[in-house]
Amino acid sequence: MTALGQAVLTATNVSIDYEVDPPVQAVRGASLTLHRGEILGLAGESGCGKTTLAYGLNRLLKAPAVMTGGEVVFHDASGRDVDVVQLDGEALRSYRWDKVSMVFQGSMNSLNPVMNVRKQLHDVFTTHRKGMPKADREARSAELLSLVGVDPARLSSFPHELSGGMRQRVMIAMALALDPQVMIMDEPTTALDVVVQRGIVREIMRLRERLGFAVIFITHDLPLLIEISDRIAIMLEGEIVEQGDAASIFRDPRHPYTRRLLQSFPSLRGEGGAFIRTGLTGASAAVTGPTALADGVGGAA
Ligand SMILES: Nc1ncnc2c1ncn2[C@@H]1O[C@H](COP(=O)(O)OP(=O)(O)OP(=O)(O)O)[C@@H](O)[C@H]1O
């Protein structure tokens with residue numbers, strides 16, 4: 001296994017309930033560690049609590065959701081440990097976009113339809129980087145679009161003038177705007193067709209290599225996760241039942257549920273059961289074989 005960086009985010013025994021009648025224990029004693037620069041895949045079937053946990057990590061829970069227990073600590077690059085559960089006011093606002101940003105499920109539809117892309121990107125800076133000169137906002141906005149593979153001429157476009165894939169790239173650009181140390185991506189490509197999906201996943205890998213942020217990548221698409229993640233956490237009914245490096249999860253799954261999940265994706269195994277992986281991330285040198293993303297594994301779900 002490759003050497004892991006320092007921890008950047010640690011969750012310990014996190015429990016989250018929806019206080020409805022009857023109450024739903026959506027997350028139960030979940031613990032995970034995200035290391036600097038790594039991609040941690042969070043997999044599990046629909047309703048197992050992935051999104052709820054992600055919202056908890058980013059302090060985005062709203063009633064009736066309540067974090068009933070546990071600890072979330074952000075280990076800032078400055079060396080300071082931040083108790084995320086206790087944050088409020090300005091500190092919470094800055095944590096949420098500056099330190100840890102999130103790309104939401106279906107977020108490409110959350111761009112404001114009556115504002116062009118320029119205004120929406122500039123707004124991030126007018127809110128979070130007060131005093132940033134307009135020329136710098138413009139330059140940074142154009143740079144961000146280029147980073148995610150969108151022509152900066154699109155700054156003048158309105159959301160309806162962009163394809164779904166482009167809109168999602170714009171959302172990723174917004175999440176990158178303040179140079180976060182962690183990006184939480186909740187099914188960032190699920191609503192897109194497979195070819196566009198692959199393009200965007202490649203882009204995320206490339207950006208991660210270049211900018212060095214860590215990613216929690218949430219999806220029920222285990223083949224995709226095995227391909228792109230350094231480590232994987234498997235969630236079942238609110239609990240993280242297994243966590244390990246991607247190759248071990250694939251080769252030697254410990255939990256019966258992980259085995260069942262793997263078996264439900266026969267496309268994961270090439271001839272002779274070889275572990276198929278593209279090497280997109282440059283992680284896990286142990287893995288060779290045909291390119292899974294190119295062969296359609298990434299779009300198998
Ligand atoms: N607002 C809510 N009120 C009550 N229960 C909720 C609410 N939101 C989610 N839940 C329940 O919490 C559990 C976890 O849901 P969550 O959306 O976190 O799962 P998920 O793994 O992200 O699913 P998906 O992949 O479908 O998004 C589910 O049982 C869900 O029905």
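1. Where in the chain does E187 lie? E187 is found in the loop between strand 7 and helix 6 (194–211), where helices (H or I, at least four residues) and strands (E, at least two) are DSSP runs, numbered from the N terminus. The phi of E187 is positive, about 45 degrees, although this residue is not a glycine. E187 counts as partly exposed because it has 18 C-beta neighbours inside 10 Å. A residue is buried if 20 or more other C-beta atoms lie within 10 Å of its own, exposed if 12 or fewer, and partly exposed in between, with C-beta atoms placed from the backbone.

2. On the basis of this note: the model is predicted, so that local features need pLDDT of at least 70 and side-chain atom pairs count only at pLDDT 80 or more, while totals for chains, interfaces and linings use all residues. Residues are numbered from 1 along each chain as its sequence is written.

3. On the chain as a whole: the secondary structure comes to 10 helices and 10 strands. Of the 301 residues, 40% count as buried. Two residues are in contact if their C-beta atoms, placed from the backbone, lie within 7 Å. Among contacts between residues at least 6 apart in sequence, 67% join residues at least 24 apart.

4. On the annotation: the unreviewed UniProt entry carries "domain: ABC transporter" for residues 9–262. UniProt positions are given in the numbering used here, feature names are shortened, and annotations may be inferred rather than shown by experiment. The span 9–262 is 38% helix and 27% strand, and its end C-alpha atoms lie 27 Å apart.

5. On the sheet: six strands form an open sheet in the order 6-7-8-3-9-10, with mixed pairing. Strand 6 (100–103) and strand 10 (239–245) are the edge strands, each pairing on one side only. Two strands pair if DSSP finds at least two bridges between them. Strand 7 (residues 182–186) and strand 8 (residues 214–219) run parallel and are joined by five bridges; M183 has V215 as its bridge partner in strand 8.

6. On the ligand: there are 14 residues around the ligand, of which Y18, A26, S46, T51 and T52 come nearest. A residue is near a molecule or strand if its C-beta atom, placed from the backbone, lies within 6 Å of it. Strand 2 (24–35) and helix 1 (50–57) each supply at least two residues of this shell, and helix 1 gives the largest share, three residues.

7. On V14: this residue is in strand 1 (residues 7–18). V14 counts as buried because 24 other C-beta atoms lie within 10 Å. Leaving aside neighbours within four places in sequence, V14 is in contact with V27, A30, L53, G56, M67, G70 and V72. V14 and M183 are 169 residues apart in sequence and 19 Å apart in space, C-alpha to C-alpha.

8. On backbone geometry: most residues other than glycine have a negative phi, and most peptide bonds are trans. R59, in the loop between helix 1 and strand 4, has a positive phi near 55 degrees. A cis peptide bond joins D21 and P22, with omega about -5 degrees; P22 is in the loop between strand 1 and strand 2. Another cis peptide bond joins A63 and P64, with omega about 10 degrees, and P64 is in the loop between helix 1 and strand 4 (65–75).
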